Amino acid sequence: MQQAIIGFDLDDENHWFAILACGHTQHVRHNPPWQNRSWVMTEQGRLEKLGILLECKKCEQRID
Ligand SMILES: [Zn+2]
């Protein structure tokens with residue numbers, strides 16, 4: 001299910017995760033070269049991603 005990003009936060013290991021409109025969270029790691037999301041490292045980059053849709057697997061699996 002597609003859910004909009006409504007915010008970002010850091011986990012205990014300093015990895016960024018997105019907070020989705022459904023209340024679920026999803027990691028958006030910057031871990032090159034495997035996961036290249038340099039945008040997540042800057043506040044400006046994160047702001048630009050607010051409102052975009054991510055596929056929420058937790059919704060599809062109905063995990064609360
Ligand atoms: Zn969800």
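**Order of elements.** I followed the chain from the N terminus and wrote down its elements as β-β-β-α-β-α, where helices (H or I, at least four residues) and strands (E, at least two) are DSSP runs, numbered from the N terminus. I noted that this is a predicted model, in which local features need pLDDT of at least 70 and side-chain atom pairs count only at pLDDT 80 or more, while totals for chains, interfaces and linings use all residues. I also noted that residues are numbered from 1 along each chain as its sequence is written, and that side-chain values use heavy atoms, with hydrogens and water left out.

**Overall form.** I then read the span of the C-alpha trace along its principal axes, which is about 30 × 20 × 20 Å.

**The zinc ion.** Which protein atoms are the donors of the zinc ion? I found Cys22 (SG), His24 (ND1), Cys56 (SG) and Cys59 (SG), lying 1.9 to 2.4 Å from the ion; donors are N, O and S atoms within 2.8 Å of the metal (3.2 Å for Na, K and Ca), and since water is not among the atoms, sites may look incomplete. I wrote their spacing in sequence as C-x1-H-x31-C-x2-C. The arrangement is tetrahedral because the 4 donor atoms subtend angles of 104 to 115° around the zinc ion, and four donors count as tetrahedral if all angles lie between 85 and 135 degrees.

**The cysteines.** I checked for disulfides, meaning pairs of cysteine sulfur atoms within 2.5 Å, and the structure holds 0 of them. Is cysteine 59 buried or exposed? Cysteine 59 is buried, because its relative accessible area is 17%, and buried means under 20%, exposed over 50% and partly exposed in between (1.4 Å probe, protein chains only). Cysteine 56 is buried as well, whereas cysteine 22, at 29%, counts as partly exposed.

**Glutamine 3.** I located glutamine 3 in strand β1 (residues 2-10) and saw that it is buried, with a relative accessible area of 13%.

Key: Four donors count as tetrahedral if all angles lie between 85 and 135 degrees; four count as square planar and six as octahedral if opposite donors are over 155 degrees apart and all others between 65 and 115; anything else is irregular.
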